[in-house]
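This report describes one protein model for a reader who is new to structures. Please look at the sequence and the model below before reading on.

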Amino acid sequence: MSAEHARLAESPSASGPWRLWGPYLAGRQWGTVREDYSAEGDPWSSFTFDQAVARSYRWGEDGLGGICDRFGFLNFSVALWNGRDPILKERLFGLTNSEGNHGEDAKEYWWALDGTPSHSWMKWLYRYPQAEYPYQQLREENAKRGRNEREYELGDTGILDGDRFFDMTVTYAKAAPDDICVTITVTNEGPESAPLDVLPQLWFRNTWAWGRDTRSGRIDQLLPPTLAVGGVEAVETTHGFLGRYFVAAKGSPEVLFCENETNSVALFGAKANRTKFTKDGINNRIVNGDTKAVNSLGEGTKAAFWYHFDAIEPGETVSIELRMSQNAPDEFTFGPGFDAVNRDRLAEADEFYSTVIHQGMSADDYHVARRAYAGLLWGKQLYRYDVEQWLEGDPVGAHAPDARQGKGGRNTGWRHMSLADVISMPDEWEYPWFAAWDLAFHAIPLAHVDPEFAKEQLVLMCREWSIHPNGQLPAYEWAFGDVNPPVHAWAAWHVYRIDGYRDRDFLIRVFTKLLLNFSWWVNRKDSTGSNLFEGGFLGMDNIGLFDRSAPLPPGYRLEQSDATSWMAFYCQQMFKIAIELSRSDPAWEDAATKFLEHFLWISRSMNDFGSQGSSLWHEEDGFFYDVLVDPDGNAQPMRVRSMVGLLPILGATEVPSWLALECPDVTARLRWLQRRRPELVGPLLSRSGPGGRQMLLSLLNPERLRQILSRLFDTDEFLSPFGIRSLSAAAKERITAEVKGESQSIEYEPGESRTALFGGNSNWRGPVWFPVNVLLADKLRTYGRHFGDSFKIEIPTGSGDWKTLIDAADLIDSSLTALFRPTDGRRPADGERIESSKSPLWSQHPTFSEFFDGDTGEGLGATHQTGWTALVAHLLNPRLPADPR
């Protein structure tokens with residue numbers, strides 16, 4: 001057991017002492033639903049980036065490379081000023097949906113360099129231009145560009161040419177759970193000397209201005225004789241919940257104070273502010289030279305240590321040291337002890353990852369895996385949102401228009417929801433809010449480094465303050481009532497396996513809540529009781545001919561191949577968990593038989609007849625399609641070959657050989673079905689193997705599986721060098737169909753989508769997406785274990801090279817990892833952007849994108865999404881452990 005493993009054992013739960021402080025501060029709080037109190041419901045315009053410098057947040061905070069306590073009361077981050085910008089660089093900048101030609105888009109460069117799950121060691125890098133930040137240029141140029149053009153990035157402006165930037169690295173090393181050593185280093189990477197101001201900032205979240213709780217924390221400057229050591233400036237913070245902390249800064253920076261209060265006069269033309277020293281006071285003091293903007297009495301709710309450097313020479317690195325502790329600063333605060341904490345925590349992080357990451361891995365793969373874990377751990381963000389309070393508004397300040405609570409208002413059906421939890425986010429900038437199916441995929445790589453947190457995340461989505469009383473899991477902040485694919489049971493099983501098959505209590509907690517969720521799916525998404533489901537967009541946005549989330553005309557319904565496949569998959573995962581629980585408690589066998597039979601009925605409906613006598617399987621094409629059924633019962637297949645038709649592959653689960661011995665009731669029911677309802681048990685495949693009879697529940701019979709795989713591994717259709725495309729490349733020729741009396745069309749788009757559906761963030765018409773690729777490979781491996789060498793396919797299709805399904809799964813995995821493996825010195829995922837530069841300043845930093853070009857592999861969408869793309873670390877590591885029983 002490493003020292004880091006010992007810390008995790010000491011603090012397994014969210015309330016553990018080592019988890020009190022972490023990187024929970026968001027990269028962006030502006031533009032979120034929670035901060036939107038407008039009648040129009042447009043978060044991007046109701047709380048803008050430009051307002052954030054002077055307007056206090058209601059629900060959270062943001063900053064650069066920052067940390068906070070797990071309740072978000074006290075926050076710490078770093079602000080910078082190059083002497084040219086119109087504002088301090090305090091938070092990440094990006095374009096809103098209306099400003100960009102491809103949706104939300106951060107216009108910054110930063111990287112999570114390292115981290116441990118207890119946050120005993122954290123390291124983060126930000127790249128700051130030395131010239132004035134081109135805010136307006138980025139907005140104007142992107143506004144000019146259409147959807148057929150590339151996004152205009154910060155690197156395209158020329159502002160970073162010649163390496164004219166500062167690299168600011170902030171490192172956190174915990175001497176104890178409540179004793180944090182902070183080191184900020186800034187390197188001038190450019191060819192000329194340049195000035196810089198560095199301002200480590202500390203502030204309390206504004207909890208007092210809304211008329212609900214007037215108590216606030218305080219920050220006071222520590223002065224002699226209370227400050228009993230020289231060469232240090234310090235502040236004392238006091239808070240009713242956190243108690244007392246001291247923050248000491250080495251050297252002699254000027255200490256600036258203001259209040260975390262909105263400057264209503266400057267922003268909204270109010271007659272007066274609540275306080276003389278508003279949130280933008282420190283900004284106004286540094287940028288505008290306004291000495292009256294800060295409190296000369298040395299007190300407030302926001303403070304900064306101002307370090308000014310007239311000129312940092314080319315290649316020079318300056319260093320700043322701070323320490324946050326419940327102990328007052330003394331002669332031992334800095335010096336050898338401080339340095340030893342940093343050395344020890346780095347060594348312990350190396351030791352920890354030597355046990356997590358396979359040591360036979362290449363240096364490049366090891367680097368990518370460790371960066372993926374770092375990004376995941378830095379993506380742990382505090383999420384506070386009480387929907388009832390938000391809908392009602394506050395007695396003071398954050399008023400809520402009546403229109404928000406009316407029919408059609410955002411999240412009005414989720415008043416029960418009240419979260420104040422650390423949640424794994426896909427991306428700290430684009431997603432300072434969780435997405436339910438993203439989070440399920442995050443849990444897989446997280447389970448390798450922090451299994452307790454991974455389990456906690458899956459349980460959290462099922463807790464009564466998250467899950468709807470009707471059983472629906474919350475989708476995401478923009479619309480909790482949207483429908484994400486039901487992947488939680490699959491994720492729970494894999495986390496259970498990675499954790500060593502030991503935590504049955506976790507399985508029970510998740511399983512019992514997912515029973516409610518499964519019932520919601522059956523009751524709400526199978527309107528005719530046909531066992532064919534209509535789930536809506538299901539996370540795959542614009543993959544169809546039309547918006548599948550939009551209401552259909554009266555009498556129409558869309559029977560979805562993917563929704564039905566997801567439910568067959570869901571049944572199998574619940575069956576698998578139930579029989580596992582049955583091994584020690586026979587009471588669970590009833591649940592196992594329920595999910596077994598439900599799967600068999602779904603399989604029959606999907607494969608044999610469908611409703612109105614029309615199957616989702618298209619015999620001529622050898623593929624599954626969505627089917628649109630009109631009021632007269634006429635069924636029209638949507639003949640677009642996409643991921644929708646590949647997802648039936650997910651319906652594959654091995655039936656363990658111990659079932660007959662350890663689950664007699666399940667076995668007896670299965671035998672009854674074989675005798676009395678033989679037409680139902682066709683999906684139970686059986687063959688003799690080295691260990692005896694092997695059984696497989698399969699949504700696909702071998703012939704249909706072979707037909708689908710012939711398309712999946714066809715390079716002219718789904719198979720790309722970097723994974724499985726979301727839409728067949730055969731659709732390069734536009735596909736047009738009559739839908740509801742209107743002409744609808746779709747075509748292959750390997751990169752950013754050219755459609756405006758879902759705010760322009762819909763990109764399922766060709767790109768490669770990590771999560772569905774990982775699922776497909778996982779299930780092909782399941783098929784491969786069952787069939788062995790008896791089932792081979794051509795890979796690529798038509799090549800004459802015959803492979804097993806295990807080989808096929810390995811090919812998908814290796815295609816995904818190839819995105820991060822340099823070819824001629826460049827990673828395919830870096831594409832043609834500045835990140836692909838051969839300069840070590842860029843090449844040492846892999847980027848983890850939201851999705852990838854279906855032809856070139858270039859990373860697209862959110863470019864810091866070490867959420868589900870961190871699955872690459874899971875793929876690079878050895879397979880899941882064998883069942884030790």
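## A buried glycine and its surroundings

Gly 854 has a relative accessible area of 0%, so it is buried (buried means under 20% relative accessible area, exposed over 50% and partly exposed in between, with a 1.4 Å probe and protein chains only). This is a predicted model, in which local features need pLDDT of at least 70 and side-chain atom pairs count only at pLDDT 80 or more, while totals for chains, interfaces and linings use all residues. Residues are numbered from 1 along each chain as its sequence is written, and side-chain values use heavy atoms, with hydrogens and water left out.

Gly 854 sits in the loop between strand S34 (851-852) and strand S35 (859-860). Helices (H or I, at least four residues) and strands (E, at least two) are DSSP runs, numbered from the N terminus. Apart from neighbours within four places in sequence, the contacts of Gly 854 are Ser 720, Arg 725, Tyr 748, Pro 750, Gly 766, Pro 767 and Val 768 (contact means heavy atoms within 4.5 Å). Between Gly 854 and Phe 73 there are 781 residues in sequence and 44 Å in space, C-alpha to C-alpha.

Asn 148 is in the loop between helix H4 (135-144) and strand S8 (165-176). Is Asn 148 buried or exposed? Asn 148 counts as exposed, at 65% relative accessibility. Its C-alpha atom is separated by 22 Å from that of Glu 835, 687 residues apart along the chain.

The protein has 23 helices and 35 strands. Its radius of gyration is 28 Å, close to the 29 Å from the globule rule for 885 residues, so the protein is as compact as a globular protein of that length. The radius is taken over C-alpha atoms, and the rule is 2.2 Å times the number of residues to the power 0.38. The C-alpha trace spans about 90 × 60 × 55 Å along its principal axes. Of the 885 residues, 64% are buried. Among contacts between residues at least 6 apart in sequence, 71% join residues at least 24 apart.

A nonpolar core is a set of buried Ala, Val, Leu, Ile, Met, Phe, Trp, Tyr and Cys residues joined through side-chain atoms within 4.5 Å. The largest core has 175 residues, and Ile 649, Leu 709, Phe 713 and Phe 770 touch the most other members. Helix H14 (residues 561-582) gives the largest share of this core, 13 residues. A second, separate core has 88 residues, including Leu 138, Tyr 245, Phe 277 and Ile 286.

Leu 709 is in contact with Ile 649, Leu 780, Phe 791, Ile 793, Thr 797 and Leu 805, leaving aside neighbours within four places in sequence.

## Backbone exceptions

Most residues other than glycine have a negative phi, and most peptide bonds are trans.

| Cis peptide bond | Omega |
|---|---|
| Pro 224 to Pro 225 | about 5° |
| Ile 795 to Pro 796 | near -10° |

Pro 225 lies in the loop between strand S11 (218-222) and strand S12 (232-239). Pro 796 is in the loop between strand S32 (792-794) and strand S33 (802-804).

His 119 is not a glycine, yet has a positive phi of about 65°. His 119 lies in the loop between strand S6 (109-115) and strand S7 (121-129) and counts as buried at 1% relative accessibility. Leu 538 also has a positive phi, near 50°. Leu 538 is found in the loop between helix H13 (504-525) and strand S20 (557-559), and is buried with a relative accessible area of 0%.
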